[in-house]
Amino acid sequence: MFDLLLTNATLPDGRTGMSIGCKDGKITAIERDIPSKAATIIDAQGFLIAPPFVDPHFHMDATLSLGTPRMNTSGTLLEGIALWGELKTVQSVDDIIARALRYCDLAVSMGIGAIRSHVDICDDSLTGVDALLEVRKQVAPYLDLQLVAFPQDGVLRDPTAHENLIRALDRGVEIVGGIPHFERTMEDGAKSVRLLCELAADRGLRVDMHCDETDDPMSRHVETLAAETTRLGLQDRVAGSHLTSMHSMDNYYVSKLIPLMAEAELHAIPNPLINIMLQGRHDSYPKRRGQTRVGELRDAGINVGFGSDCVMDPWYSLGKADMLDVAFMGLHVGQLSSRDDMRWCFDAVTVNSAKAMGLEGYGIEVGCDASFNLLQANDPIEAIRLRANRLAVVRKGAVIAETPVLQSNLNLSGRPDAVQPASYAPKTLD
Ligand code: FE2
């Protein structure tokens, strides 16, 4: 007897007609024919069951603040940072909690099961830290929220950032962040990477830095990040976020850099929606794309997970917590158009991002948490193509969000009564 049983599901690996039995919050059976005995039974109607979407890079202290106190008129990263500085002085802990909880509701409804959020600690009152620690506690039953102590104004450039970062870690923020390309000099940037990696090593913490989020090909802090990771034995525990300068780097230099990153087992976290919007703003034509070398990093064995970064905040005025939008953009900008590449883009917003965050119990396997999404798509590629409807969101055995099957009813003589987007799927291409 199961608590929850899904029948007639398609799995990401292509198996069809599968049943998934869940008990006590865990997946206890995945078989073709399971006797239908369960407290709750969901007929998946042949649609895709996939593990939760995972967003490994977000800014929850800024989300849904669009227009407060004003709009970003230039659209640049730097005006966004300046605008965020204005917002920080007027927002309260309660403001941030309210906005963040609203975003978490949206994220859950869109099938996100885990978010790694950076939280700005360059504010002596640590308003964002206190707010997001409270949010983390409130959403814990259904959303894994990791927090990164993020010195937005530079851990060395801002006079109290280093002290504040340590205070944030002492309060329970669990990951060390950084922004070496925003320090005053290249030397200070490298020094900040060393300082922050040593701090993480001393405390047994992970590292996730905004690293080289610039179009300057000489912004090479990821090199120091890789070297420090290896020196301090932090392999597999360090992520480089954005890494956009790699887009503009000299190919010969990159041929040395990528193996160093692989040796350090860095995780790479591009943010396709934001970087295609913010980068290349100083270019005339041709304009650079501002996405790191996703395919090359992947081919070198580096784990690459896509993040969303921003939704309706000083940097990005769009977004709807849809990791399939993120995958769709990453696929296009990276020209990842083969069948294998497109399937990989689905992994980049699910399993790869889960790996970057070090999530446990994640996946569609017996023994994993009974956490998954039922998507109105027949396979992962179609899920990206359609930015598929989330029919059911299940977390630890409980159905926490449901959306009806999307279809349009037709009033055309001689045509079917209704049409569903997923009905166009080519099922025999592979
Ligand atoms: Fe970011």
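**Notebook: cysteines and the iron site**

I began with C211, and at 0% relative accessibility I count this residue as buried. The model I am reading is a predicted one, and I keep that in mind for every entry below.

Next I looked for the partner that the sulfur of C211 might have, and I found that the closest cysteine sulfur belongs to C197, at 9.3 Å. Since a disulfide needs the two sulfur atoms within 2.5 Å, I noted this pair as too far apart for a bond.

I then turned to C104, which is also buried, because its relative accessibility is 0%. For C104 the closest cysteine sulfur lies in C310, and at 15 Å that is too far for a bond. When I looked up the total for the structure, I read 0 disulfides.

My second topic was the metal. Which residues coordinate the iron ion? I listed H57, H59 and H210, each through NE2, together with D309 through OD, and the distances run from 2.1 to 2.4 Å. I wrote the spacing of these donor residues along the sequence as H-x1-H-x150-H-x98-D. Within that pattern I marked H210 and D309, which are 99 residues apart and link distant parts of the chain. I located H210 in strand 10, residues 206-211, while D309 sits in the loop between strand 13 (303-304) and helix 11 (323-333).

Methods:
Residues numbered from 1 in each chain as written. Predicted model: local features only at pLDDT ≥ 70, side-chain atom pairs only at ≥ 80, totals over all residues. Heavy atoms only, no water. Donors = N, O, S within 2.8 Å, 3.2 Å for Na, K, Ca; no water. Helix = DSSP H or I, 4+ residues; strand = E, 2+ residues; numbered from the N terminus. Buried < 20%, exposed > 50% of the residue type's maximum accessible area, 1.4 Å probe, protein only.
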